[in-house]
Amino acid sequence: METILYFRNDSSNKFWKIKVTGVDYVVTFGKAGTTGTIRSKKFDHAAECLKEAERMIQSKLKKGYKPGHSSMQLIKKSTITDDSFWSLLEQAKKKGEEQEEQLEWLVEHLSKKPLQDIIKFDEIFARYFVRSCTSSLWAAACIIMGGCSDDCFDYFRAWLLFQGKGVYETAIHDPESMIPILKELEEKGEMPQFEDLTYLGALAFEEKTGRDDTSYYELYDQLVADPCFEPEIELDWDEEDEKGLQIRFPKLWERYGENPLEC
């Protein structure tokens with residue numbers, strides 16, 4: 001259930017919106033034309049949540065609020081787009097030499113934005129992250145690091161995303177294109193991993209609100225209409241089949257087959 005109300009007079013123009021999903025509700029309110037402020041609450045039972053939502057709606061109507069609709073454009077959409085997502089990652093890379101410094105800048109920058117922007121950033125991240133979950137890229141990661149678990153592959157893909165859109169898009173189709181960047185990592189003694197980037201949304205949320213990651217992911221699930229899920233991929237390679245991996249990615253194998261990057 002979703003209800004949006006608005007209130008207008010000579011001195012005020014504001015909106016109030018509630019979305020009920022099972023045992024949770026999310027309220028968004030504020031000045032018309034802004035992204036507003038978000039509040040959420042979880043109940044033990046769905047009926048209890050719905051009852052409280054209906055009580056709040058009736059209370060607003062008694063105060064002079066009127067029913068609204070999406071075409072009225074009462075709520076400003078998030079300013080985060082695909083382009084600004086990639087731009088923020090690029091900016092972060094310039095904020096320090098170490099991943100920790102770059103992550104700190106991203107967390108601080110996002111925490112100053114509305115919650116809708118934090119969630120939108122994370123939604124875009126999830127879309128590109130899921131798209132990179134391919135058998136071919138996993139095989140490449142296995143060669144590069146001499147083996148690659150599920151978690152290791154997650155952190156590898158986060159690292160790849162952080163390299164920028166051009167590197168990411170090219171690597172999806174041609175994993176051997178990563179070799180020049182990997183050479184730079186070798187010189188620094190670093191690994192192609194960025195675990196903390198997978199938690200960025202939750203970290204920015206905690207910095208902004210003081211609430212934990214459980215609260216964040218509950219809110220994320222409530223607000224993201226079309227979430228991305230990891231696909232069930234069938235690997236078309238075998239880690240024990242070294243010859244097959246060598247044939248598939250000869251350049252990667254030549255460089256890392258016998259001398260993989262290791263922590």
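Is Arg248 buried, partly exposed or exposed? Arg248 is partly exposed, with a relative accessible area of 30%. On this scale, buried means under 20% relative accessible area, exposed means over 50%, and partly exposed is in between (1.4 Å probe, protein chains only).

A word on the ground rules before going on. This is a predicted model, so local features need pLDDT of at least 70 and side-chain atom pairs count only at pLDDT 80 or more, while totals for chains, interfaces and linings use all residues. Residues are numbered from 1 along each chain as its sequence is written, and side-chain values use heavy atoms, with hydrogens and water left out.

**The overall picture**

The protein chain has 12 helices and 5 strands. Those are DSSP runs numbered from the N terminus: H or I with at least four residues for helices, E with at least two for strands. The C-alpha trace spans about 75 × 35 × 30 Å along its principal axes. Of the 263 residues in the protein chain, 44% are buried.

**Salt bridges**

Searching the whole structure turns up 11 salt bridges. To count, a side-chain nitrogen of Lys or Arg has to be within 4 Å of a carboxyl oxygen of Asp or Glu.

| Pair | N to O distance |
|---|---|
| Lys42 and Glu218 | 3.1 Å |
| Asp82 and Arg127 | 3.0 Å |
| Asp236 and Arg248 | 2.8 Å |

Take the Lys42 and Glu218 salt bridge. Lys42 sits in strand S4 (residues 37-42) and Glu218 in helix H10 (residues 213-223), so this pair ties together parts that are 176 residues apart in sequence. Lys42 is partly exposed at 49% relative accessibility, and Glu218 is partly exposed too, with a relative accessible area of 26%.

Next up is the salt bridge between Asp82 and Arg127. With Asp82 in helix H2 (residues 82-93) and Arg127 in helix H4 (residues 115-131), the pair ties together parts 45 residues apart in sequence. Asp82 has a relative accessible area of 24%, which makes it partly exposed; Arg127 is partly exposed at 35%.

Back to Arg248, whose salt-bridge partner is Asp236. Asp236 lies in the loop between H10 and helix H11 (242-248) and Arg248 in helix H11, and the two are 12 residues apart. Asp236 is exposed, at 51% relative accessible area. Elsewhere, Asp154, Arg157 and Glu230 are linked in a network of salt bridges.

**A negative patch**

Some acidic residues gather on the surface instead: Glu97, Glu98, Glu100, Glu101, Glu104, Asp150, Asp151, Glu195 and Asp196 make a patch of negative charge. Patch members have over 30% relative accessible area and no salt bridge, and like charges are joined within 9 Å. Asp and Glu count as negative, and the charge is placed at CG of Asp or CD of Glu. The elements giving two or more residues to the patch are helix H3 (99-111) and helix H6 (150-162), and H3 gives the most, with 3 residues. Glu195 comes from the loop between helix H8 (179-188) and helix H9 (200-209), and is partly exposed at 35% relative accessible area.

**Helix H12**

Which residues of helix H12 (residues 250-257) are buried? They are Leu252, Trp253 and Tyr256. Looking down the axis of H12, the buried residues fall within an arc of 95°, so they line one face of the helix. That arc is taken from the directions from the helix axis to the C-beta atoms. Over on the other side of H12, Lys251 and Glu254 are exposed.

Methods. Patch = residues over 30% accessible without salt bridge, like charges linked within 9 Å, V, L, I, M, F, W, Y side chains within 5 Å. Areas by Shrake-Rupley, 256 points an atom, 1.4 Å probe, with all protein chains shown as cover.
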